[in-house]
Amino acid sequence: MSPVEHEQALGARPSGEATETAAAEHVRDIFNSIAPSYDLLNHLLSMGLDRRWWLRAARSFRDILANPKSRVLDLCCGTGDMTAALLTQRPASGEPAIGLDFSAEMLSRARTKYASANVDWVEGDAMHLPYPDNSFDLVTSAFGFRNLTNYAEGLAEIHRVLRPGGRIGILECNQPDGLSGAGYNLYFKHVLPIVGGMISGDRAAYRYLPASVARFPRPPQMLALMASAGFADSAWDGYLLRAAGLYRGTKR
């Protein structure tokens, strides 16, 4: 892995923090700050495509979700929309899904939005999951994994809590190449911070979001990290000009 790839694979660093602990605290502060406007901005800035992406990702795991006894964990669940998308493929009488996030403000909104959903909402750290080995059949994360402070260790922790044969699904942003990539980067790096900052009142947070995408590994590197963590049959499905996509794999 080149020095640039190694740096990208390291993990989130909102302000170039020297330690993972400091970076994690800053990330939590960012999401607690923007929680009140998070849903509105997501829908506006993605032109409503985020809803389609959550549902498309959930349908990729309908075979697991259809089993009422399967155990499902949605990491970095934010205000709960990916967790809710998983429930669309799940029997109403199935085991409760678990939505986990370390931002108390985001979880508070998830609990309010989906008060009657068959979900256990848990405040916790995706880097140190409060579950024993081999606990889950499916672990997902939508637009939150890139905020972890160490991507390799985050994948290792997901691998630990999955049962053999269990599956991982990470829906994340990507930087597309070519002309579409140039237009996307113009929007994402210049328009999004202005609009997001105006609505949320926190322009710094919306400068961090495009920076976090730029830092995140591209699909070939991310798939290599997944293989190193012990996932087999890893693949990436690109959505909308490859501006986002779903990483999938199976625990050996």
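Trainee: Which are the buried residues of helix H10 (residues 219–228)?

Mentor: Buried means under 20% relative accessible area and exposed over 50% (1.4 Å probe, protein chains only). Helices (H or I, at least four residues) and strands (E, at least two) are DSSP runs, numbered from the N terminus. In H10, the buried residues are Pro219, Gln221, Met222, Leu225 and Met226. Seen down the axis of H10, they fall within an arc of 165°, so they line one face of the helix; the arc is that of the directions from the helix axis to the C-beta atoms. The face turned away from that buried side carries the exposed Pro220 and Ser228. This is a predicted model, where local features need pLDDT of at least 70 and side-chain atom pairs count only at pLDDT 80 or more, while totals for chains, interfaces and linings use all residues. Residues are numbered from 1 along each chain as its sequence is written, and side-chain values use heavy atoms, with hydrogens and water left out.

Trainee: Which residues does the UniProt annotation "binding site" cover?

Mentor: Such annotations may be inferred rather than shown by experiment. Here the unreviewed UniProt entry lists Thr79, Asp101, Asp125 and Ala126.

Trainee: Is Asp101 buried or exposed?

Mentor: Asp101, in strand E2 (residues 97–101), is buried, with a relative accessible area of 8%. Contact means heavy atoms within 4.5 Å. Leaving aside neighbours within four places in sequence, Asp101 is in contact with residues including Cys76, Leu107 and Val122.

Trainee: Where does Ala126 lie?

Mentor: Ala126 lies in the loop between strand E3 (119–123) and strand E4 (136–142), and is buried at 5% relative accessible area.
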